[in-house]
Amino acid sequence: MSNYSRSLEEAVSFMKKHDRFLVLSHVNPDGDATGSALAVAQILRDLGKTYVVINEGETPSRFSFLPGFEQILNVSESPLEETFSAVIAVDCADRSRMGKVEHLFAPDALLLNIDHHPTNDGFGTFNVIRTDAAATAEILYDLAVAGNLPFQADLALCLYTGLLTDTGGFRYSNTTPHVMESAASLLKYGVNPGDVAERCLEVITLGHVNILRRALASLKMSFQNQVASVCVSRQDLAEANADREDAGGLVNYCRNIEGVEVGLSFVEAEPNVVKVSLRARSYVNVAEVAKQLGGGGHAKAAGCTLHGSLDEVRSRVLALLGEVMGVKDHE
């Protein structure tokens with residue numbers, strides 16, 4: 001039996017052994033984090049368990065079609081008095097990505113950590129980590145199969161959404177035969193792939209269009225046009241009648257420019273707090289760059305949050321990126 005198979009069995013045993021759970025994903029959750037958290041909730045429900053699903057920050061409304069979405073609590077707005085002895089964290093690249101939730105852990109809390117990020121340091125009591133998985137949802141698919149757990153429509157929809165979003169609509173290089181086989185299997189339970197793609201990947205808000213105009217006006221090409229970056233200030237968001245969710249995906253416009261190796265977006269989330277997104281095309285490992293800045297992620301998609309003005313943060317990230325790429329001249 002492989003270590004991965006053994007860890008899947010331990011995870012299933014953990015879910016069956018305990019009765020009440022705290023389920024959480026990472027701050028600023030995406031499709032895989034949200035789909036995975038709700039998939040765990042579906043598994044626990046089918047096992048006859050009770051649970052609370054939380055994360056720090058608001059869950060994007062584009063995922064409101066997922067079953068159980070309305071159960072997700074934003075811990076900063078809905079504080080809990082209860083503490084939990086059994087905790088399941090999904091899609092958290094390291095312990096800090098769980099956010100400010102550890103006050104909800106009982107002194108004897110056991111933590112099941114399920115994740116696919118290379119930067120994960122195995123912070124759980126039990127860890128199911130497969131860094132070559134395209135999404136945490138892929139690991140949860142394997143978990144359900146390994147544990148002979150029942151598949152049903154709600155679980156299939158949550159898992160499919162995680163697979164779809166973390167592979168960019170099955171376009172990224174992490175789209176493996178196993179991903180496609182898993183997705184095809186999930187379609188048998190009534191998932192409508194066109195509808196999920198429309199909701200998660202196609203529909204954009206007017207706020208996004210308005211903020212995109214401003215972001216592209218700030219476009220800067222660096223390192224002989226190998227790096228492209230955009231900046232969005234709080235003033236930009238206010239004047240565009242947009243929010244942080246509307247600013248999602250801006251980094252892809254930078255990375256997709258012909259000849260660009262790394263795309264960057266800098267979004268001022270709060271005064272002097274900047275969310276940095278990094279995307280690479282081929283040879284640069286942006287996860288290592290993000291890790292040096294206190295963040296994490298994957299070789300071709302990573303992020304971090306830094307303190308300072310937009311100009312200060314942009315200069316800091318570009319300087320470090322230049323060191324990693326072995327080039328000195330920003331322009």
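Me: How many aromatic pairs does the count come to?
Reply: The count comes to five aromatic pairs, where rings of Phe, Tyr and Trp (its six-membered ring) pair if their centres lie within 6.5 Å, and planes under 30 degrees apart count as stacked, over 60 as edge-to-face and the rest as tilted. This is a predicted model, in which local features need pLDDT of at least 70 and side-chain atom pairs count only at pLDDT 80 or more, while totals for chains, interfaces and linings use all residues. Residues are numbered from 1 along each chain as its sequence is written, and side-chain values use heavy atoms, with hydrogens and water left out.

Me: What kind of pair do Y141 and F151 form?
Reply: Y141 and F151 form a tilted pair, with 5.4 Å from centre to centre and 50 degrees between the planes.

Me: And are those two buried or exposed?
Reply: Both Y141 and F151 are buried, meaning under 20% relative accessible area, with exposed being over 50% and partly exposed in between (1.4 Å probe, protein chains only).

Me: Which rings link into a cluster?
Reply: Ring pairs join F14, F21 and F126 into a cluster.

Me: Switching to the sheet, what is the strand order?
Reply: The open sheet has six strands in the order β7-β8-β9-β10-β12-β11, with mixed pairing; strands (E, at least two residues) are DSSP runs, as are helices (H or I, at least four), numbered from the N terminus, and two strands pair if DSSP finds at least two bridges between them.

Me: Why is one side of β7 and of β11 left without a neighbour?
Reply: β7 (220-222) and β11 (296-297) stand at the edges and each has a single partner strand, so one side of each lacks a neighbour in the sheet.
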